[in-house]
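Please keep the sequence and the structure in view while reading.

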Amino acid sequence: MNVKKNPLRDGSACGLEPIHIPGCVQPHGALLAVLSDSGVITHASANLDVILGRAAETVIGLPLADVLGDEARQTICNPASANGMKLEQVYVLRGPDGGTLHLRAHQSGRYLCLDMEPVRREPGQSPPVIMLQSLLEVFVGATSRDEICAIAVDGLKSIAGYDRVMAYRFCENGDGEVIAEAREPHLEPYLGLRYPASDIPPPARRLYQRHRVGVICDTSYDPVALLAHPTLSDAEPVDLTRSSLRSVSPIHREYLRNMQVAASMSVAVVSGQKLWGLLLCHHGSPRVAAPDLRSVADMIGQYVALRLADLEAAEIDAGRVADLHATADLLTAPMPLPEAFTAAETPLLRMVDAAGVVVRLSGENFHFGKHPRAAAEGALELMLSYSHGEIVAVDDLSRRYPELARSAAELSGALLMPLSHGHEDAIIWLRPEKASTVRWAGNPAKPGVIDPATGRLSPRKSFVPWIETVTGRSSPWSKSDLELAQQLRLVVQAEMARRARKDLRHMEVDLEQRVVDLERVKADLEAQKLELIATATELCLARDAAEAASSAKSDFLAMMSHEIRTPMTSMTGMLSLLRDTPLNEEQKQLAEVARSSAAALLAVINDILDFSKLEAGRLLPEAINFNLERLTGEVSSLLDAAASDKGPRAVVSLDNDIPKWLCGDPNRIRQILLNLANNAIKFAEKGSVRIAVSHRVGPDDGIELRVEVIDEGPGIAPDVQARLFSPFTQADSSVSRKYGGTGLGLAICKQLCLMMGGTIGVDSAPGCGSTFWFTVRCAQGFEPQAPAVAPGMAATSHSLKILVAEDNALIQKLISKLLAKAGHQAEIVANGALAVAAVERQRYDLVLMDMQMPELDGLSAARKIRQSGGPMREVPIIALTGNALVGQRESCLAAGMNDYLSKPFEPEQLYAAIDRLAGAWRAAVA
């Protein structure tokens with residue numbers, strides 16, 4: 001909840017008033033403002049004709065010399081200086097009535113302002129400066145603040161002739177108190193009265209520091225407007241901070257009238273950069289303070305400030321200094337610091353007149369004297385949080401920190417002395433509450449009222465003494481308390497530094513010994529380092545050898561893949577063509593045996609290549625929408641087609657609530673399921689093989705499939721189960737002899753399951769059959785839309801002209817026959833360079849590109865075709881390669897090819913790829 005302040009209670013309304021630029025002056029004098037660089041008059045007060053005998057409107061815009069004369073202009077505009085600083089100039093003129101005019105010049109931004117006042121002195125009155133000499137002699141014997149202030153108010157009353165003169169001191173919280181007074185007998189005394197800070201708001205205090213003497217000759221005066229030149233003057237009013245004629249806030253004048261004051265003079269007492277207080281002069285009737293009187297009053301104020309500063313410097317009495325020295329002597333004695341502070345308890349407390357003290361060293365608190373411990377430690381923490389390493393004194397802890405209010409009677413004042421920046425070592429002195437009675441000049445909670453008719457703010461009208469009992473405060477900490485604390489801090493910091501240096505010397509000795517020990521350890525480490533370097537060298541050589549072996553293995557597999565797959569392509573292709581020719585039964589059986597043998601050999605090659613891809617980490621799962629029921633049905637059909645007449649049949653069961661469509665890698669799921677089911681059929685020999693598919697939904701709505709392949713075979717011993725999923729491992733050597741295989745199938749299945757976020761395992765016992773199971777993670781899928789068939793996509797729609805780049809004569813012959821069988825025309829070239837030349841020479845519907853050819857390989861040829869500028873640069877290219885290792889497909893696509901077929905391939909695969917690409921190409925260029 002935002003709480004808005006009442007401007008009448010805190011005086012903020014007065015604090016916002018721009019009193020330095022009132023735009024008007026008091027009527028007992030006139031003001032001119034001149035441009036400093038040109039000497040042209042830009043402003044004049046409307047009463048100039050009364051003071052100078054010339055109307056303001058007639059002088060604005062004229063050079064100053066034309067109005068005051070050249071001699072006055074020279075004196076005023078070229079001031080004397082002292083130590084490089086320009087001095088304010090005073091000049092005397094003859095007024096229109098023959099009297100004397102006092103001119104005072106002062107700078108205000110780009111303007112030179114001239115205060116003009118008629119010189120008035122009552123008959124028989126002595127010059128103020130002569131009376132000042134006698135007063136200064138009286139000051140010499142003063143030895144206290146109260147005595148100095150009493151002399152000042154008595155002397156100033158005698159010199160200035162005001163009814164009442166007061167010494168008004170500002171308290172630490174901004175309030176003011178009358179501490180000395182000289183008055184006429186009939187006046188009510190103000191001595192001891194306190195006034196709230198809002199009576200003299202911050203803007204007024206700042207003005208007092210810049211212009212130490214202010215006068216009001218008549219609190220009921222009508223302000224005189226300051227007229228300005230329409231073009232030469234600034235838009236902003238002239239700053240009249242340093243003008244003796246500056247018009248005063250109407251609120252302040254009403255405030256004085258409410259106090260029955262008709263005229264006033266205020267003299268600032270400024271000590272250093274701080275406004276200590278004021279010498280206030282009040283009079284019951286209008287009264288003009290002449291310029292020489294104001295100068296004398298200013299000198300009295302400055303003299304009082306100097307004497308008060310001297311007294312404050314001498315305020316530390318000898319007894320407290322002795323306590324400081326006693327404390328310092330104990331702290332520097334040869335004993336631990338906590339014991340030293342314990343011994344110094346009495347002088348430590350007496351030094352600043354404290355009831356208790358808490359000393360924190362290295363995070364531990366030591367309490368001395370009388371105080372509430374928990375509250376004292378709370379005050380220590382709170383004040384440390386904002387001290388920033390500086391000494392801080394407060395006399396109203398409970399008001400600043402409500403959490404300490406319960407302990408206010410015993411703890412209201414605290415003087416915190418941090419011992420170092422950035423650390424929590426500190427000393428905090430504590431004082432109890434000291435209730436006091438304050439006599440206010442009127443109720444401080446009601447500094448003003450608002451007239452309901454006009455809305456105008458008026459100051460309070462009653463100054464009847466208002467008594468307040470102040471609690472929750474201790475006796476205030478004096479400047480001497482702070483200075484003694486600062487001196488003790490220097491002592492403690494020096495002692496802590498000395499002890500730290502001593503400890504450091506001991507540490508240096510220990511360190512030197514440790515250096516000797518470390519040198520010995522270093523020598524041992526150097527010997528170990530040499531051994532490690534030798535070991536690292538051996539390991540690097542072994543690593544290089546392993547990398548070379550791995551590279552050689554990859555190169556060997558690539559070469560073997562090509563060398564084996566190329567003849568396999570011609571073998572399987574020719575057998576496919578042979579099956580389509582008229583054959584008798586015996587010939588059909590022989591052809592089928594040859595086809596089965598080729599398929600078995602291809603399965604071995606595929607296992608080796610899959611294992612190579614998985615080892616390289618280059619095989620990634622696909623995300624394809626698939627129908628699980630259709631996939632298991634296809635697997636069942638393949639198993640039934642491969643099974644012998646008397647062998648077991650596969651039976652598939654699916655959970656009823658399994659989603660029909662899933663998203664995952666159906667090809668790899670099919671590969672795993674076929675491997676496990678083929679093994680089950682192969683080893684069971686009788687009975688049935690059941691395939692059971694279940695699922696569960698994960699927390700992320702993903703689906704985990706669990707597939708179980710259950711057979712009634714001989715079962716597997718536990719020791720064999722432990723190594724089943726390792727590469728090149730079978731149950732025993734007889735398995736390989738009886739059933740064949742590489743021993744890679746289950747290892748590949750395991751890696752594929754892990755790749756798809758699942759796992760694989762087996763539950764079996766000898767004589768009890770086996771259950772091989774695996775899990776994979778899928779997502780919810782959807783039924784894909786059937787793609788629209790573009791014109792020219794069917795194989796029988798058009799006869800295509802196809803360029804075949806192949807260096808193997810058998811593959812050339814096979815592809816030519818396969819293309820001719822499909823009704824296409826084939827043109828054969830033996831290397832990539834001839835393929836590029838052929839494409840540049842004539843139009844083709846499609847290019848079949850072998851990868852490994854002399855002169856220019858397939859990848860380079862594809863790049864050249866794509867980089868050419870001819871019409872055939874976008875012709876579809878299908879890669880044909882016997883290298884089916886990791887990254888081959890990606891390399892082909894990166895070179896600009898459109899598709900990839902690994903040798904050997906089925907004729908249907910070739911036809912499908914040709915139909916898909918060439919049909920779209922013909923439609924695009926038609």
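Which exposed residues does the face of H7 turned away from its buried side carry? That face carries Gln-133 and Glu-137. The model is predicted, so local features need pLDDT of at least 70 and side-chain atom pairs count only at pLDDT 80 or more, while totals for chains, interfaces and linings use all residues. Residues are numbered from 1 along each chain as its sequence is written, and side-chain values use heavy atoms, with hydrogens and water left out.

**Helix H7**

- Helices (H or I, at least four residues) and strands (E, at least two) are DSSP runs, numbered from the N terminus.
- Helix H7 covers residues 128-139. Its 12 residues should span 16 Å at 1.5 Å a residue, and the end C-alpha atoms are 17 Å apart, which agrees; the expected span is 1.5 Å times one less than the number of residues.
- Pro-128, Leu-132, Leu-135 and Phe-139 of H7 are buried. Buried means under 20% relative accessible area, exposed over 50%, and partly exposed in between (1.4 Å probe, protein chains only).
- An α-helix has 3.6 residues a turn, so residues three or four places apart point the same way.

**The open sheet**

- Eight strands form an open sheet in the order E12-E14-E15-E9-E10-E11-E21-E24, with mixed pairing. Two strands pair if DSSP finds at least two bridges between them.
- Strand E12 (213-216) and strand E24 (465-470) stand at the edges with a single partner strand each, so one side of each has no neighbour in the sheet.
- Neighbouring strands of this sheet are turned by 30 degrees against each other on average, direction ignored. Axes are lines fitted to C-alpha atoms, for helices over the stretch in contact, and angles run from 0 to 180 degrees between N-to-C directions.
- Strand E9 is largely enclosed by the rest of the structure, because 6 of its 7 residues are buried.
- E9 and E10 run antiparallel and are joined by 7 bridges; Arg-164 stands opposite Arg-183 in E10.
- The hairpin of E9 and E10 has 5 residues between the strands, and Gly-174 in the turn has a positive phi of about 100 degrees.
- E9 and E15 also run antiparallel, with 6 bridges, and Ala-167 has Leu-279 in E15 as its bridge partner.

**Helices across the sheet**

- Helix H8 (residues 145-160) lies across E9, E10, E14 and E15, running at about 50 degrees to E10.
- Helix H9 (residues 202-210) lies across E9, E14 and E15, running at about 95 degrees to E15.

**Nonpolar cores**

- A nonpolar core is a set of buried Ala, Val, Leu, Ile, Met, Phe, Trp, Tyr and Cys residues joined through side-chain atoms within 4.5 Å.
- The largest nonpolar core has 41 residues, of which Ile-691, Leu-705 and Phe-774 touch the most other members.
- Helix H20 gives the most to this core, with 8 residues.
- Apart from it lies another core, of 34 residues, among them Ala-182, Met-265, Leu-293 and Val-304.

**Thr-881**

- Thr-881 is in strand E35 (residues 877-881) and counts as buried at 0% relative accessibility.
- Leaving aside neighbours within four places in sequence, Thr-881 is in contact (heavy atoms within 4.5 Å) with residues including Asp-850, Met-851 and Tyr-900.
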